[in-house]
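Let me put the structure up and we'll walk through a few bits of it together.

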Amino acid sequence: MEKNGSLKGLAQSLQSMTDVETLKKEAGIAACKYVRSGMKVGLGTGSTVKHTVIELGRMIAEDDLEIVGVPTSLATEKLALEVGIPLVELSDVDGLDIRLILSKKTRSSSTWRASSCVRVGGFIS
């Protein structure tokens, strides 16, 4: 009986993790609705923003979206290049039009100088 209870608990935990991943994917994709052609886009880092980066790559390939991205990490840079997002260094642009920061926690930084910031989940400190 205890074994079945453990299996039930494990199944519930796995379902909960699946639900969280589904929500992260939906949030990451939803953030893309704020991106327009011609924008310089700050690309955050994390398990949610990966879905944003993948969706932006799809939008570039299928919807003729024209943007440049500024990644915040090597992992984001690698994924962005894999999905076809052209990248630039932050020092090469005069600020960003939007920051897609989808991680649980972020600290504000004047170096980003963005006019817009999309936050999905987590909190800003």
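So, Gly42 sits opposite Arg99, over in strand β3. This is a predicted model, by the way, so keep that in mind as we go. β3 covers residues 98-101, and three bridges tie this strand to β1, with the two running parallel.

Now the other partner of β1. Strand β1 is residues 40-43, and it's joined to β2, residues 68-71, by four bridges, again parallel. If you want a spot to look for there, find Val41: across from it in β2 is Gly69. And how does the chain get from β1 to β2? It goes through α2, and that β-α-β crossover is right-handed.

Okay, on to α2 itself. The helix takes in residues 49-63, so to speak, 15 residues. From first C-alpha to last, α2 reaches 20 Å, close to the 21 Å expected at 1.5 Å a residue.

Which residues of α2 are buried? Among them are Val49, Val53, Leu56, Met59 and Ile60, but His51, Thr52 and Glu55 are on that list too.

Let me stay on Glu55 for a second, which belongs to helix α2. Why do we call Glu55 buried? Because its relative accessible area is 14%, and the cut-off for buried is under 20%. And what does Glu55 touch, if we skip neighbours within four places in sequence? Ile29 and Cys32 are in contact with Glu55.

That's my bit, thanks!

Definitions and conventions
Residues numbered from 1 in each chain as written. Predicted model: local features only at pLDDT ≥ 70, side-chain atom pairs only at ≥ 80, totals over all residues. Heavy atoms only, no water. Expected span 1.5 Å × (residues − 1). Buried < 20%, exposed > 50% of the residue type's maximum accessible area, 1.4 Å probe, protein only. Pairing = 2+ DSSP bridges. Right-handed = clockwise from strand over helix to strand, strands pointing away. Contact = heavy atoms within 4.5 Å.
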